[in-house]
Amino acid sequence: AYRLTKDLLTLRRSDPALAAQQPRGVDGAVLGPQAFVLRFFGPDGPEGDRLLTVNLGRAVDLRTCPEPLLAPPADCRWVVRLSTDDPAYGGEGAAAPETSEAGWQLPAESACVLIPEPAPDEHAKEIPDER
C-alpha cells in the first residue's frame with residue numbers, strides 16, 4: 001500500500017494532465033454498477049490525455065461499449081502507465097483493460113491509469129533494401 005501510494009503521488013506531481021491545476025478539465029462516465037472511467041484532458045492536446053478506469057466490484061466485460069471517453073486520440077492506442085493489479089502492489093498482474101479482440105475488460109477491484117502512445121501502423125509496408 002505504501003509503494004502504491006508513493007507511486008500515485010509521484011505520478012500526480014509529474015504528469016501535467018493529472019496535476020491539480022488542470023486547465024482543460026476532466027470528464028467521466030459510468031461503465032457498470034461499480035465501474036467508471038475518468039478522462040483527464042492534457043494541457044497540450046489529446047496526446048496528453050490520461051484515462052483512469054476504476055472497478056470496485058467484479059470483473060467487467062465491455063465487449064461493446066459506446067462510451068466515447070474510452071476512445072484513444074487519433075492514431076494512438078492506450079497503454080498502461082500504472083495498474084493496481086501490478087505484482088509490485090500485490091496484484092495478480094492482469095492484462096491491460098483494453099484488449100483488441102475482446103473489447104474492454106476491467107479486472108475486479110482494480111484501477112488503471114492509461115496513457116496514449118502512437119499505434120503501430122499495421123498497413124505499413126517494408127521497403128526492400130535495393131543494394
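Mentor: Arg 39 and Asp 49 are both buried, that is, under 20% relative accessible area with a 1.4 Å probe and protein chains only, where over 50% is exposed and the range in between partly exposed. The model is a predicted one, in which local features need pLDDT of at least 70 and side-chain atom pairs pLDDT 80 or more, while totals for chains, interfaces and linings use all residues. Residues are numbered from 1 along each chain as its sequence is written, and side-chain values use heavy atoms, without hydrogens and water.

The count comes to three salt bridges, each being a side-chain nitrogen of Lys or Arg within 4 Å of a carboxyl oxygen of Asp or Glu. In one of them, Arg 39 meets Asp 49 at 3.0 Å, N to O. Arg 39 belongs to strand β2 (residues 35-40) and Asp 49 to the loop between β2 and β3, 10 residues apart; strands are DSSP runs of E with at least two residues, and helices runs of H or I with at least four, numbered from the N terminus.

Arg 50 pairs with Asp 15, their closest N and O atoms 2.6 Å apart. Because Arg 50 is in strand β3 and Asp 15 in the loop between α1 and β1 (26-32), this pair ties together parts 35 residues apart in sequence. Arg 50 counts as buried at 14% relative accessibility, and Asp 15 counts as buried at 7%.

Arg 77 forms a salt bridge with Glu 117, with 2.6 Å between the closest N and O atoms. Arg 77 lies in strand β5 and Glu 117 in strand β8, so the pair ties together parts 40 residues apart in sequence. Arg 77 counts as partly exposed at 38% relative accessibility, as does Glu 117 at 27%.
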